[in-house]
Amino acid sequence: MHTIFHTTITQIGDCARDALQDDMLITFREGAPADIEAFCFIHRHGATTGELQTGGVMDLAQRRYAITAVGSVATQNLRELGHVTVRFDGESQAEFPGSIHVSGPTPADIPVGSTLSFIA
């Protein structure tokens, strides 16, 4: 297994935690437009060294989730914008082209300083 992407959450938009109640995590790199930033967990953008894949792993705030589906543009969005929408529903088909689905409980909170990694 190798790490495809690793980052640290540096800021949390005013409405970002609301998405957790809908079993979603929305990320964007630092420097996001203000209207988008309000809904996102903002992180330091780093290199993406591979493709997100079903069967891979997402590590978030010291918890591990199996990746069950990856939308057709999810890797591209992560690489270019640091943007992903993670759904904590374990679905086997991506709901939207930019979605990543994982199995496991939705975190109650994700504090600033938490790490996020995708591993293949």
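A residue counts as buried when its relative accessible area is under 20%, as exposed when that area is over 50%, and as partly exposed in between. The legends below use these words for a predicted model.

**View 1**
T75 belongs to helix α3, which covers residues 74-81. With a relative accessible area of 5%, T75 falls under the 20% limit and is therefore buried. Although T75 and G98 are 23 residues apart along the chain, their C-alpha atoms are separated by 7.9 Å.

**View 1. The whole protein chain, shown for orientation.**
The protein chain contains three helices and eight strands, and these elements follow one another along the sequence in the pattern β-α-β-α-β-β-β-α-β-β-β. Taken along the principal axes, the box filled by the C-alpha atoms of the protein chain is roughly 30 × 30 × 25 Å. Of the 120 residues of the protein chain, 45% count as buried.

**View 2. The salt bridge between R79 and E51.**
A search of the whole structure finds four salt bridges, and one of them joins the side chains of R79 and E51, with an N to O distance of 3.4 Å. The pair links distant parts of the chain, since R79 is in helix α3 while E51 is in the loop between β3 (41-43) and β4, and the two residues are 28 residues apart. R79 has a relative accessible area of 37% and is partly exposed; E51, at 45% relative accessibility, also counts as partly exposed.

In the pair formed by E95 and R87, the closest N and O atoms of the salt bridge are 2.5 Å apart. The two partners fall into separate accessibility classes: E95 is partly exposed at 43% relative accessibility, whereas R87, at 17%, counts as buried. The value for R87 is under the 20% limit, which is why R87 is given the buried label. A further salt bridge connects D59 with R64, and here the closest N and O atoms are 2.8 Å apart.

D23 lies in the loop between α1 (16-20) and β2 (24-29). Phi of D23 is positive, at about 60 degrees, although D23 is not a glycine. D23 has a relative accessible area of 34% and is partly exposed. On the surface, D23 gathers with D18, D22, D89 and E91 in a patch of negative charge. Membership of such a patch requires a relative accessible area of over 30% and no salt bridge, and the 34% of D23 is therefore on the required side of that area limit.

**View 3. The backbone at A61.**
A61 is found in the loop between β4 (57-60) and β5 (63-70). Phi of A61 is near 50 degrees, which is a positive value in a residue other than glycine. At 33% relative accessibility, A61 counts as partly exposed, because this value lies between the limits of 20% and 50%.

H2 is found in the segment before β1 (3-12), while T3 has its place in strand β1. H2 is partly exposed, with a relative accessible area of 41%, and T3 is likewise partly exposed, with a relative accessible area of 42%. H2 and T49 are 47 residues apart in sequence, and the distance between them in space is 9.0 Å, C-alpha to C-alpha. T3 and I119 are 116 residues apart along the chain, and yet their C-alpha atoms are separated by 4.3 Å.

Key:
Residues numbered from 1 in each chain as written. Predicted model: local features only at pLDDT ≥ 70, side-chain atom pairs only at ≥ 80, totals over all residues. Heavy atoms only, no water. Helix = DSSP H or I, 4+ residues; strand = E, 2+ residues; numbered from the N terminus. Buried < 20%, exposed > 50% of the residue type's maximum accessible area, 1.4 Å probe, protein only. Patch = residues over 30% accessible without salt bridge, like charges linked within 9 Å, V, L, I, M, F, W, Y side chains within 5 Å. Areas by Shrake-Rupley, 256 points an atom, 1.4 Å probe, with all protein chains shown as cover. Lys, Arg positive; Asp, Glu negative; His and termini not counted. Charge placed at Lys NZ, Arg CZ, Asp CG, Glu CD.
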